[in-house]
Amino acid sequence: MNHLPRVAFSVLLLSSLLTGCATHSDGSAPLNQRTWPLCSLLGGLAGGGLGAIESGSWAAGGAALGLIGGGLICYAQDGDEDADGVFDRRDRCPDTPANTPVDNRGCPMPQYPVSQAPEPVAEPATEVITLSDQGHVLFAFDSSQLTVEARTQLQALLPKLAAADVLSVKVIGHTDSQGSDGYNQKLSERRASSVAAFLLEQGLAADKVSSQGQGESQPVADNDSEQGRAQNRRVELLIQR
C-alpha cells in the first residue's frame with residue numbers, strides 16, 4: 001500500500017507531460033517544438049518518479065529516459081505560435097504580427113499601394129461676351145469693316161482678353177435673316193475674321209485667337225422687327241480659361 005502515493009504522483013506527472021505536448025493548430029499549447037527543453041525536464045521528473053516506484057536504483061535510469069523521451073515528444077510537435085496559419089516547422093518568418101497576410105512559407109505577402117481613380121479633370125470655364133448692333137453699329141452696311149464704335153468696344157475688352165489665364169478667344173459672327181442663307185454665312189465669316197484680325201493687331205497671341213461664322217442660323221431675337229434684327233447682327237467672343 002505504501003507504493004500507491006508514489007504511483008499516483010508519477011502518473012499525474014506523465015499525464016501533465018502528454019497533455020502539454022498535445023500542440024493545437026492555433027499555437028495555443030504551452031509545450032511544443034520550441035519548448036522541448038521544458039518537455040525534457042518534465043519527462044525526466046516523470047521518468048524518475050516512475051523508476052522510483054520499483055527501487056531507488058531505477059530512478060536515475062527512468063529520469064534519463066524521461067529527459068530524452070520528453071524532449072523528443074515535444075520536438076516532434078508542430079504548432080503555430082504566431083497564428084499565421086503556417087505551422088512552425090514550415091514557417092520561415094516566425095513571430096509575424098497578427099492579421100498579416102502571409103504566403104505558404106509564413107512570410108508577409110508584398111503589399112501594393114491601393115490604386116486610386118484619377119481625379120476628374122475640370123472642364124475649362126468659358127465666358128461669352130456679346131457685341132451687337134443694338135445701340136452701337138459694329139459694321140458698315142453690308143460690309144465687314146469695323147466701325148469706330150466697334151473698335152472702341154474691342155479695345156476696352158483687351159485687358160480681359162489678354163489676361164494670363166485666358167487659353168483661347170474664339171470670335172463667332174452672326175447676321176440677321178435679310179438676304180440669302182449662303183450670303184449671310186459668308187458675311188458672318190468675314191465679319192468674324194475682321195474682329196479676329198483687329199485683336200491680333202492689338203497684340204493678342206495668334207495661337208489663341210480663332211474665328212467662325214454662323215450666318216443667320218442662331219438668332220436670339222425675332223427677325224420680323226428692326227430691333228430684333230439688330231440683336232441678331234452680333235459678334236460673340238468665347239473666352240476659355
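The buried residues of helix α4 are covered by elements that include β1, β2, α5 (181-201) and β4, where buried denotes a relative accessible area under 20%, exposed one over 50% and partly exposed a value in between (1.4 Å probe, protein chains only). The model is a predicted one, in which local features need pLDDT of at least 70, side-chain atom pairs count only at pLDDT 80 or more, and totals for chains, interfaces and linings use all residues. Residues are numbered from 1 along each chain as its sequence is written, and side-chain values use heavy atoms, with hydrogens and water left out.

The protein chain contains six helices and four strands; helices (H or I, at least four residues) and strands (E, at least two) are DSSP runs, numbered from the N terminus. Their order from the N terminus on is α-α-α-β-α-β-α-β-α-β. Of the 241 residues in the protein chain, 35% are buried. Among the contacts in the protein chain with a separation of 6 or more, 61% involve residues 24 or more positions apart, a contact being defined by heavy atoms within 4.5 Å. The accessible surface of the protein chain amounts to about 14300 Å², and 59% of it belongs to carbon and sulfur atoms; accessible areas come from the Shrake-Rupley method with a 1.4 Å probe, and for residues only the protein chains shown count as cover.

Helix α4 comprises the 14 residues 148-161. Its end C-alpha atoms lie 19 Å apart, in agreement with the 20 Å that the helix should span at 1.5 Å a residue; the expected span is 1.5 Å times one less than the number of residues. A kink of about 25° is located at Gln 155 in α4, shortly before the proline Pro 159, the bend at a residue being the angle between axes fitted to the seven residues ending there and the seven starting there. The buried residues of α4 are Ala 150, Leu 154, Leu 157, Leu 158 and Leu 161. An α-helix has 3.6 residues a turn, so residues three or four places apart point the same way.

Strand β4 spans residues 234-240, and five of its seven residues are buried, so the strand is largely enclosed by the rest of the structure. Strand β1 (residues 126-132) pairs with β4 in the antiparallel sense over seven bridges; pairing requires that DSSP find at least two bridges between two strands. Within this pair, Arg 234 in β4 stands opposite Ser 132. Strand β2 (residues 168-174) likewise pairs with β4 in the antiparallel sense, over seven bridges, and Gln 240 in β4 is the bridge partner of Ser 168.

The largest nonpolar core has 23 residues, and those with the most contacts inside it are Leu 154, Leu 161, Val 171, Val 195, Leu 199 and Leu 237. At least two residues of this core come from each of β1, α4, β2, α5 and β4. A nonpolar core is a set of buried Ala, Val, Leu, Ile, Met, Phe, Trp, Tyr and Cys residues joined through side-chain atoms within 4.5 Å. With neighbours within four places in sequence left aside, Leu 154 is in contact with Leu 131, Leu 146, Val 195, Phe 198, Leu 199 and Leu 237.

Helix α5 has 21 residues and reaches 30 Å from its first C-alpha to its last, close to the 30 Å expected at 1.5 Å a residue. Its buried residues, among them Asn 184, Arg 191, Val 195 and Phe 198, pack against α4, β2, β3 (209-213) and β4. Tyr 183, also placed in α5, is partly exposed, with a relative accessible area of 36%. When neighbours within four places in sequence are left aside, Tyr 183 is in contact with Asp 142 and Arg 190. The C-alpha atoms of Tyr 183 and Glu 216 are separated by 9.7 Å, although these residues are 33 residues apart along the chain. Just after α5, Gly 203 adopts a positive phi of about 110°.

Positive phi values also occur in residues other than glycine, including Asp 142, with phi near 55°. Asp 142 is found in the loop between β1 and α4 and counts as partly exposed at 40% relative accessibility. Asn 99 has a positive phi near 65° and is found in the loop between α3 (56-75) and β1, where Asn 99 is exposed, with a relative accessible area of 81%. In the loop between α4 and β2 lies Ala 163, which is partly exposed at a relative accessible area of 23%.
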